[in-house]
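Please examine the sequence and the model shown below. The paragraphs that follow lead from the overall fold to a helix pair, a surface patch and the charged pairs.

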Amino acid sequence: MELLQVARERSAAMTSAGTGATAAALTATLGLAAASWVVAVRQMNGMDMGVATRLGSFAFFVALWASMMAAMMLPGAAPAVLRRAHASGGVRAVPLFVGSYLAVWTLVGVAVYALYRPHGFFTAGAVAIAAGIYEFTPLKQHFRRRCRESVRSGFEFGLYCIGSSIGLMLMLVALSVMSVTWMSVIAVLVLAQKLLPAKAAIDVPLALAIVGLGILIVIAPSPIPGHLL
């Protein structure tokens, strides 16, 4: 009986420790995301020029992009962070997981800086159309599914999530990379796609809406409020 009682107490202690680790990991992840929103919004103040937006210096943009990715991506990454904390038996693996995840997205920012140029409405609309079409592809669905599964590292998780969200992120860059409005819209879409199961009743109208937005921008950008482009 004494051995059974000891086993029960040990199991209860482990459960309590696991719950504490999960709560700590979730709090840290969402806290970092919230702080990153504050930093990103402040840094983006006055930078939004629509399709003519300039990125500033390399160091400025990469730092801003990293804070943008932390703000936009970490809420949706919370389930993966919690799975990692549970699998490792504590929060010690969480900083490495989150850091490597954000590092992958930061590399995307480096590529954006290298390739980006101020452009026109036609380019912005074409990118939006391409982003909407990408939502229909099996490749998008594959990455979206993998982005919801258990992974071994933040780097691997980041690659899957890039594959899932790259169309939406390129749309953000094309429409106005410094727009808090578009950043918020894309962040909501990314979060929904990470947390909600894929359903044609939702995904198809969304993809069609993105394509429609792109077509509208190409043929008649004037009805769209200036602060959105």
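The protein chain contains eight helices and zero strands, where helices (H or I, at least four residues) and strands (E, at least two) are DSSP runs numbered from the N terminus. Along the sequence the pattern reads α-α-α-α-α-α-α-α. The model is predicted, so local features need pLDDT of at least 70 and side-chain atom pairs count only at pLDDT 80 or more, whereas totals for chains, interfaces and linings use all residues. Residues are numbered from 1 along each chain as its sequence is written, and side-chain values use heavy atoms, with hydrogens and water left out.

Of the 229 residues in the protein chain, 41% are buried; buried means under 20% relative accessible area, exposed over 50%, and partly exposed in between (1.4 Å probe, protein chains only). The accessible surface of the chain is about 11,500 Å², and carbon and sulfur atoms account for 71% of that area. Such areas come from the Shrake-Rupley method with a 1.4 Å probe, and for residues only the protein chains shown count as cover. Among contacts (heavy atoms within 4.5 Å) between residues at least 6 apart in sequence, 83% join residues at least 24 apart.

The axes of α3 and helix α6 (residues 154–176) come within 9 Å and cross at roughly 35 degrees; axes are lines fitted to C-alpha atoms, for helices over the stretch in contact, and angles run from 0 to 180 degrees between N-to-C directions. Residues making this contact include Phe97, Tyr101 and Trp105 of α3 and Phe155, Leu159 and Met169 of α6.

Helix α3 (residues 94–115) also holds Leu107. Leu107 is exposed because its relative accessible area is 56%. Together with Phe58 and Val110, Leu107 makes a nonpolar surface patch of about 270 Å². Patches are made of residues with over 30% relative accessible area and no salt bridge, like charges being joined within 9 Å and nonpolar side chains (Val, Leu, Ile, Met, Phe, Trp, Tyr) within 5 Å.

Side chains of opposite charge can pair when their charged atoms come close. The structure holds four salt bridges, each a side-chain nitrogen of Lys or Arg within 4 Å of a carboxyl oxygen of Asp or Glu. One of them joins Lys140 and Glu135 (3.4 Å, N to O), and both of these residues are buried. Another links Glu156 and Arg152 (3.5 Å, N to O); here Glu156 is buried, at 14% relative accessible area, whereas Arg152 is exposed, at 68%.
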